[in-house]
Amino acid sequence: MRSRILVLITVTVAAGLGSPAVAGGTVADALGDALYATLLYLLVLLAAPRTRPAAVAGTALGLSFAVEFLQLTRIPPVLRPVLGSTFNPPDLLCYTLGAAVCLLLHRAIEQRGTGTG
């Protein structure tokens with residue numbers, strides 16, 4: 001399972017880096033934010049693979065929100081490429097959508113694997 005998660009992390013990072021080339025401006029920003037939450041979801045799942053999907057989604061969303069609110073403080077320049085530098089309230093919605101999509105997909109995959117779906 002961890003190897004699959006690592007592949008998904010790689011795909012997510014590539015999609016995030018490539019999104020400005022496919023979509024511009026606001027769309028790329030929104031997609032990047034949703035993918036940021038997706039990356040955090042996958043990292044939490046990698047660290048704790050047996051965690052319930054709702055808990056993984058909640059943790060990823062909480063971390064996303066924490067990073068966004070951290071931008072209201074003075075972030076050292078060396079951390080800005082990873083943490084950002086400007087608080088933007090619409091980003092919170094994009095993080096929420098990203099975590100929600102991950103949760104729904106995770107649950108669908110689990111149901112498919114158990115034959116209950």
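Read along its sequence, the chain follows the pattern α-α-α-α-α. The model is a predicted one.

Q: Why is the chain called as compact as a globular protein of its length?
A: The globule rule gives 13 Å for 117 residues, and the radius of gyration of the chain is 15 Å; the value is close to the rule, so the chain is as compact as a globular protein of that length. Along the principal axes, the C-alpha atoms fill a box of roughly 50 × 30 × 25 Å.

Q: Why does Gln 71 count as buried?
A: Buried means under 20% relative accessible area. Gln 71 has 10% relative accessibility, and therefore counts as buried. In the chain, 32% of the 117 residues count as buried.

Q: Where does Gln 71 lie, and which residues does Gln 71 touch, not counting those up to four places away in sequence?
A: Gln 71 is in the loop that runs between helix H3 (53-70) and helix H4 (80-83). With that exclusion, Gln 71 touches Leu 83, Gly 84, Ser 85, Thr 86 and Phe 87. Contact here means heavy atoms within 4.5 Å.

Q: What does the model show for residues 30-48, listed by UniProt as "transmembrane region"?
A: The span is 95% helix and 0% strand, and its end C-alpha atoms lie 27 Å apart. The name comes from an unreviewed UniProt entry, and such annotations may be inferred rather than shown by experiment.

Q: What does the model show for residues 1-23, which carry the UniProt annotation "signal peptide"?
A: Residues 1-23 are 91% helix and 0% strand, with the end C-alpha atoms 31 Å apart. This annotation also comes from an unreviewed entry.

Q: What share of the accessible surface belongs to carbon and sulfur atoms?
A: The accessible surface of the chain comes to about 7,400 Å², and 69% of it belongs to carbon and sulfur atoms.

Definitions and conventions: Residues are numbered from 1 along each chain as its sequence is written. This is a predicted model: local features need pLDDT of at least 70, side-chain atom pairs count only at pLDDT 80 or more; totals for chains, interfaces and linings use all residues. Side-chain values use heavy atoms; hydrogens and water are left out. Helices (H or I, at least four residues) and strands (E, at least two) are DSSP runs, numbered from the N terminus. The radius of gyration is taken over C-alpha atoms; the globule rule is 2.2 Å times the number of residues to the power 0.38. Buried means under 20% relative accessible area, exposed over 50%, partly exposed in between (1.4 Å probe, protein chains only). Accessible areas come from the Shrake-Rupley method with a 1.4 Å probe; for residues, only the protein chains shown count as cover.
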